[in-house]
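Please read it with the model open.

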Amino acid sequence: MGCGSSKTNKVIEPETKIEIDVSEEHDDNENKNEQSPSPPNNELKKSSLAISSKNYKLNYFDFTGRAELLRLIFAVSNTPFTDQRIKFKDWKNEKKNAPLEQLPYLEVDDNQILVQSMAIARYLAKEMNLAGRDTYDQVRVDLVLDLCKEFTDCFSIYIVPEMLNPTDEKEEIIQHFIDILALRYLKNIEILIENFGQNNYAVGDQLTVADLFIHDLVTNMIKLNSAILENYPKLKKHKSQVEENENLKFYLDTRDRKKLE
C-alpha cells in the first residue's frame, strides 16, 4: 500500500537507522551504555508459553522504537534477556560493532548474530510459540506483521522528523497523518482482525506476535491523539484483550514507572 509520501527531505538518513519513539526522554548525563537484564522470572507471572534456554542479548538505543516489539515478545514469553541500551553519544564508537552498522541486532548464545527487526521478531515468535498455531495462522500473522511494518515506516517518514526537528507545519503534518494515513492503516488492521481473529485477538483465539505489534502501534498513536481509538472499536477491544496478559501487564507497568523516574 505504501505511504505515498512526497516528503523525502524529511526522511531520516538511512545511514544512521535511528528510529525513535518520540515520547521518550533521554538522560544525556549518563556516561556509559546500559545493560538492563530483563526482570527475573519470579517477578513475572507464570507463562504457558515456551521459555527458551538460550542466552539473548538485544542491542538497541535507549528508547522503544524498532526494538520494542522484540522486548514485548521477551516479556510475554517470560524469557530472560540482556537489554543492551546504547546512548546516542556512544553510537559513533559502537557502530563498528554492529552488523550492517545499524540497530537493532540480537546476539544468541554468544555465537549467532541476527539483524533486521522484523526478521528477529519472526525468529523470536517461533522460538516462543507466538507465531501462530498452524501454517495458515502463521501466514495470517505474517500478513498482519507486513501491514504493521508499512504503518511503522510511514510513521518514521512523517512523524519522527517533526519530533526531532519541528517545522512550522508540524501540527498540520501530524493531523494529516492521523486523518489520512493512520485512518487507512487502522481501518485495514481492523479488517484483518475481523477476518482472522477470534475473541478480540488478531489471528486465531490466542496471543501472537501480531497482537504485540498492533498494540505497540496503537500505543504510539494514542500518544499523538489520546482519543483516537474511539473511532476504532475493534482496536479498542483488542488493546484491552492483549493487556489481560499478566506478563505484558507487568512489563508495561514497569516501563511506565521508569518513564516517570
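1. A residue counts as buried under 20% relative accessible area, exposed over 50%, and partly exposed in between. The model is predicted. Phe-63, at 2% relative accessibility, is therefore buried. Phe-88 has 36%, so it counts as partly exposed.

2. Twelve aromatic pairs turn up in a search of the whole structure. One joins Phe-63 and Phe-88: ring centres 5.6 Å apart, planes at 35°, hence a tilted pair. Phe-63 sits in the loop between strand S2 (56–61) and helix H1 (68–76), while Phe-88 belongs to helix H2 (residues 88–94). The pair therefore ties together parts 25 residues apart in sequence.

3. Phe-63 and Phe-88 also belong to one aromatic cluster, together with Tyr-60, Phe-61 and Trp-91.

4. Now Phe-151 and Tyr-185. Their ring centres are 5.2 Å apart and their planes lie at 5°, so this pair is stacked. Phe-151 is in helix H4 (residues 135–164) and Tyr-185 in helix H5 (residues 170–196), so parts 34 residues apart in sequence are tied together. Both Phe-151 and Tyr-185 are buried.

5. H1 packs on helix H6 (residues 209–224) at an angle of about 130°, with the axes 10 Å apart. H1 is therefore oblique to H6. The crossing of H1 past H6 is right-handed.

6. Which residues of H1 and H6 meet? From H1 come Glu-68, Leu-69, Leu-72, Ile-73 and Val-76; from H6, Val-209, Leu-212, Phe-213 and Asp-216. The residues of this contact divide into seven nonpolar, two charged and no polar.

Methods. Residues numbered from 1 in each chain as written. Predicted model: local features only at pLDDT ≥ 70, side-chain atom pairs only at ≥ 80, totals over all residues. Heavy atoms only, no water. Phe/Tyr/Trp six-rings, centres within 6.5 Å; stacked < 30°, edge-to-face > 60°. Helix = DSSP H or I, 4+ residues; strand = E, 2+ residues; numbered from the N terminus. Buried < 20%, exposed > 50% of the residue type's maximum accessible area, 1.4 Å probe, protein only. Axes fitted to C-alpha atoms, helices over the stretch in contact; angles between N-to-C directions. Parallel < 35°, antiparallel > 145°, perpendicular 65-115°, else oblique. Left-handed = near helix turned anticlockwise from the far one by under 90°. Contact = heavy atoms within 4.5 Å. Nonpolar A, V, L, I, M, F, W, Y, C, P; charged D, E, K, R; others polar.
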